[in-house]
Amino acid sequence: MTDHRTSTGEHRLAWLLTEVCAPQYVALALPVVVGWLSGGPMAAGWGLLASLVCAGIPSAVIAIGVRRGRLDSVHLVRRTSRMGPMLAGLAGVVAGMVLLIVLDAPRLVTVTAAVMLGWVVALGGITLAWKVSFHSGVAAGAVVVLAHVLPATPTLAIGAIVVMLISWARIRISHHTPAQTIVGALTAAIVTWGVLVVTA
């Protein structure tokens, strides 16, 4: 017999992982972390600019939508509610990339913005027809980016565990199926690798 307390504890952990690892939070943090790791405080400042434009705009759109009742939550559980935030994400990332290029930002910060654009296009394209997991996808893509600036093997190993935990959480609270998390993670990881190869 399943212990109710264990089940409740797992559910709370799943919700905690879902909240803490929301795609917009990962996207806000990633450019700053990449900037810091690749170029120190100055590059981290550029990363902050990238975060505010590329991830800040869609995050604000989602927050306003939730507050006004147009969106179910910051996690966009209903697939049909994702179009507006995806378009805002696309506009934000494109605007951020243009700004970073014009201002001659550090290369890896600009590349990170290009990676984020790839996520929006690839995962957004899939979600028009099928509810793919942005949580798993963005997390997996972020791991691949970090493996580009940190020792690759341990970063990928630890990152894989984190992505699996996030995917488990999304499945545990019934927001996604296993297939939706796997496709999200693989799609974003492949897109990220492709952008990094092309811009190397």
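## Contact of helix 2 with helix 3

In this predicted model, Trp46, Leu49, Ala50, Val53, Cys54, Ile57, Pro58, Val61 and Ile62 of helix 2 meet Pro85, Ala88, Gly89, Gly92, Val93, Ala95, Gly96, Met97, Leu99 and Leu100 of helix 3; contact means heavy atoms within 4.5 Å. By class, this contact of helix 2 with helix 3 comprises 16 nonpolar, three polar and no charged residues. Ala, Val, Leu, Ile, Met, Phe, Trp, Tyr, Cys and Pro count as nonpolar, Asp, Glu, Lys and Arg as charged, and the others, Gly among them, as polar. Helices are DSSP runs (H or I, at least four residues), numbered from the N terminus.

The axes are lines fitted to C-alpha atoms over the stretch in contact, and angles run from 0 to 180 degrees between N-to-C directions. The crossing of helix 2 past helix 3 is right-handed, that is, the near helix is turned clockwise from the far one by less than a right angle.

## Basis of the model

Residues are numbered from 1 along each chain as its sequence is written. Local features need pLDDT of at least 70, side-chain atom pairs count only at pLDDT 80 or more, totals for chains, interfaces and linings use all residues, and side-chain values use heavy atoms, with hydrogens and water left out.

## Helix 5 and its partners

The axes of helix 5 and helix 6 cross at roughly 170° and come within 9 Å, which means that helix 5 is roughly antiparallel to helix 6. His135, Ser136, Ala139, Ala140, Val143, Leu146 and Ala147 in helix 5 meet Ala152, Thr155, Leu156, Gly159, Val163, Ile166, Ser167 and Arg170 in helix 6. The contact of helix 5 with helix 6 has nine nonpolar, five polar and one charged residues.

With helix 7, the axis of helix 5 crosses at roughly 35°, and the two axes come within 7 Å. The crossing of helix 5 and helix 7 is right-handed. From helix 5, Ser136, Gly137, Val138, Ala140, Gly141, Val144, Val145 and His148 meet Thr181, Gly184, Ala185, Ala188, Ala189, Thr192, Trp193 and Leu196 of helix 7. This contact of helix 5 with helix 7 holds nine nonpolar, seven polar and no charged residues.

## The largest nonpolar core

The largest nonpolar core has 39 residues, of which Met116 and Trp119 touch the most other members. Such a core is a set of buried Ala, Val, Leu, Ile, Met, Phe, Trp, Tyr and Cys residues joined through side-chain atoms within 4.5 Å. Helix 4 gives the most to this core, with ten residues. Leaving aside neighbours within four places in sequence, Trp119 is in contact with Leu30, Gly124, Val138, Gly141, Ala142, Ala188, Val191 and Thr192.

## Individual residues

Val145, in helix 5, is buried at 3% relative accessibility; buried means under 20% relative accessible area, exposed over 50% and partly exposed in between (1.4 Å probe, protein chains only). Beyond neighbours within four places in sequence, Val145 is in contact with Leu30, Val34, Thr112, Val115, Thr192 and Leu196.

Thr110 lies in helix 4 and is buried, with a relative accessible area of 15%. Met164, in helix 6, counts as exposed at 54% relative accessibility. The C-alpha atoms of Met164 and Val102 are separated by 38 Å.

Methods
Helix = DSSP H or I, 4+ residues; strand = E, 2+ residues; numbered from the N terminus. Parallel < 35°, antiparallel > 145°, perpendicular 65-115°, else oblique.
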